[in-house]
Amino acid sequence: MSPTTLDRLPDTVVLQPGEALRAALDPATWLEMLEGRALLVSPPSWFGDTVFTAKTVLNEGDVHRLERGGWIELSALAPVRLRVHAQARQQTAAVRPAEPRPVMRLVRLLTGS
C-alpha cells in the first residue's frame, strides 16, 4: 500500500497496520502516540557528504519531538492513533496575513505551485 501524503494534518491521525503517512512538519513539532506502534523515519539530514535518515520505533505513550523540520514518514506496525502538536504561532493579522509554514513554502518554491 502506498503512503498517504498530507499537507495539513488533522489533530488526530489514525493508521492501520501496513499504512503509512508522509507529512511535512515544522521544527519543534511533537508527535504523541496515543495508542499503537509505528516506525518513524526522520527528515533527511547530512553527515559529512552523506544523506541519512534516522528510524525510531514509537510505542503507545511515547512522545517524540522533531528537532528539524522536513518530511517524515510514519508506518503503522499496529493500529495507530497519533496526535500532532505543532508549535503555536503568534498571529499579527494587522501587520500582514499569516504566511504558510516554512517547509511548505519551500516545497511550493521548488515545485513552482
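## An exposed ring and its partner

Let's start with Phe-47, which counts as exposed at 64% relative accessibility; here exposed means over 50% relative accessible area, buried under 20%, and partly exposed in between, using a 1.4 Å probe and protein chains only. This is a predicted model, in which local features need pLDDT of at least 70, side-chain atom pairs count only at pLDDT 80 or more, and totals for chains, interfaces and linings use all residues. Residues are numbered from 1 along each chain as its sequence is written, and side-chain values use heavy atoms, with hydrogens and water left out.

The structure holds one aromatic pair. Phe-47 and Phe-52 make up this pair, edge-to-face, with 6.4 Å from centre to centre and 85 degrees between the planes. For such pairs, rings of Phe, Tyr and Trp (its six-membered ring) must have centres within 6.5 Å; planes under 30 degrees apart count as stacked, over 60 as edge-to-face and the rest as tilted. Phe-52 is partly exposed, with a relative accessible area of 38%.

## The four-stranded sheet

Next comes an open sheet of four strands in the order S2-S11-S4-S9, with antiparallel pairing. S2 and strand S9 (63-65) stand at the edges, each with a single partner strand, so one side of each has no neighbour in the sheet. From one strand to the next, the twist averages 25 degrees. Strands are DSSP runs (E, at least two residues), numbered from the N terminus, and two of them pair if DSSP finds at least two bridges between them.

S2 pairs with strand S11 (residues 80-85) in the antiparallel sense over four bridges, and Leu-82 in S11 is the bridge partner of Val-13.

## A buried threonine in a loop

Finally, have a look at Thr-29, found in the loop between strand S3 (20-25) and strand S4 (30-35). Thr-29 counts as buried, at 3% relative accessibility. Leaving aside neighbours within four places in sequence, Thr-29 is in contact (heavy atoms within 4.5 Å) with His-64, Arg-65, Leu-66, Val-84, His-85 and Ala-86.

A polar atom of the Thr-29 side chain also lies 2.7 Å from the backbone oxygen of Asp-26.

Methods:
A polar contact is a pair of N or O atoms within 3.5 Å; within protein, one must be able to donate a hydrogen and the other to accept it, and residues adjacent in sequence count only if both atoms are side-chain atoms. Axes are lines fitted to C-alpha atoms, for helices over the stretch in contact, and angles run from 0 to 180 degrees between N-to-C directions.
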